[in-house]
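This briefing is for a reader who is new to the structure shown below.

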Amino acid sequence: MEREEVAVRHVMERYPATRTNLLEILHEIQRAEPRHYLSEASLQAVAEYLRMPLAEVMDAASFYSMYSLTPRGRHVVRVCVSPPCRLFGGEALLKALKERLGVEVGQTTADGAFTLETSSCLGACGNAPALMIDGELFDDVTDAKAAEIIYRVRREDATR
Ligand code: FES
């Protein structure tokens, strides 16, 4: 059994095999995958485990923007582009991050460290603009604060 298959089985065993657990299982599998995505093999395994048609599992995985069907960088930066964040500097923040990382939205840095994505509301509208890195939420994000966060993540990577 391949490592990916073992990891997928390990996640699924923690959930009863009912379709109501689909989104949570997909979330856990993606989180456990080093490239933060859902492979075709993992979607197939989930479909078999939940006894659902693969097309339904694919529908869910491709509908929600939090899931990715293609490999991403070691860290995923998601910048909120919903209206409150856009009004309070989200567009400028996104532009600054594109320049800082040298990528467009949906791309991964050449060193494989960061994938830049946009997101709908992250639930921090009162302290816009907001972004999320690897599931950790940051609000009131300025260009300087974003630079510090990126620097910190790079430094943590270097010490691993
Ligand atoms: S609109 Fe950006 S966090 Fe809600």
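R152 is partly exposed, because its relative accessible area is 27%; partly exposed covers the range between buried (under 20% relative accessible area) and exposed (over 50%), with a 1.4 Å probe and protein chains only. The side chain of R152 meets that of E156 in a salt bridge, with 3.3 Å from N to O; a salt bridge is a side-chain nitrogen of Lys or Arg within 4 Å of a carboxyl oxygen of Asp or Glu. This is a predicted model, in which local features need pLDDT of at least 70 and side-chain atom pairs count only at pLDDT 80 or more, while totals for chains, interfaces and linings use all residues. Residues are numbered from 1 along each chain as its sequence is written, and side-chain values use heavy atoms, with hydrogens and water left out.

**Salt bridges**

- E156 and R152 both belong to helix α6 (residues 143–158), where they sit four residues apart, about one turn of the helix; helices are DSSP runs of H or I with at least four residues, strands are runs of E with at least two, and both are numbered from the N terminus.
- E156 is partly exposed, with a relative accessible area of 33%.
- R14 is partly exposed at 46% relative accessible area, whereas E28 counts as buried at 11%.
- A further salt bridge joins E99 to K95, again with 3.3 Å between the closest N and O atoms.
- E99 and K95 are separated by about one helical turn because they are four residues apart in helix α5, and both are exposed.
- The count of salt bridges comes to 14.

**Chain and strands**

- The protein chain has six helices and four strands, in the order α-α-α-α-β-α-β-β-β-α along the sequence.
- Its C-alpha trace spans about 45 × 35 × 25 Å along the principal axes.
- Of the 160 residues of the chain, 41% count as buried.
- Strands β1 and β2 run parallel and are joined by six bridges; two strands pair if DSSP finds at least two bridges between them.
- H75 has F114 in β2 as its bridge partner.
- From β1 the chain crosses through helix α5 (residues 83–101) to β2 in a right-handed β-α-β crossover, meaning that with the strands pointing away from the viewer, the path from the first strand over the helix to the second runs clockwise.
- Strand β2 (residues 114–119) is largely enclosed by the rest of the structure, because five of its six residues are buried.

**Surface patch**

- L23, F63, Y64 and M66 form a nonpolar surface patch with about 380 Å² of accessible area together, as given by the Shrake-Rupley method with a 1.4 Å probe, where for residues only the protein chains shown count as cover.
- Patches are made of residues with over 30% relative accessible area and no salt bridge, with like charges joined within 9 Å and nonpolar side chains (Val, Leu, Ile, Met, Phe, Trp, Tyr) within 5 Å.
- Y64 is in the loop between α4 (54–63) and β1 (75–80), and counts as partly exposed at 33% relative accessibility.

**Cysteines**

- The structure holds zero disulfides, a disulfide being a pair of cysteine sulfur atoms within 2.5 Å.
- C80 is buried at 2% relative accessible area, while C125 is partly exposed at 36%.
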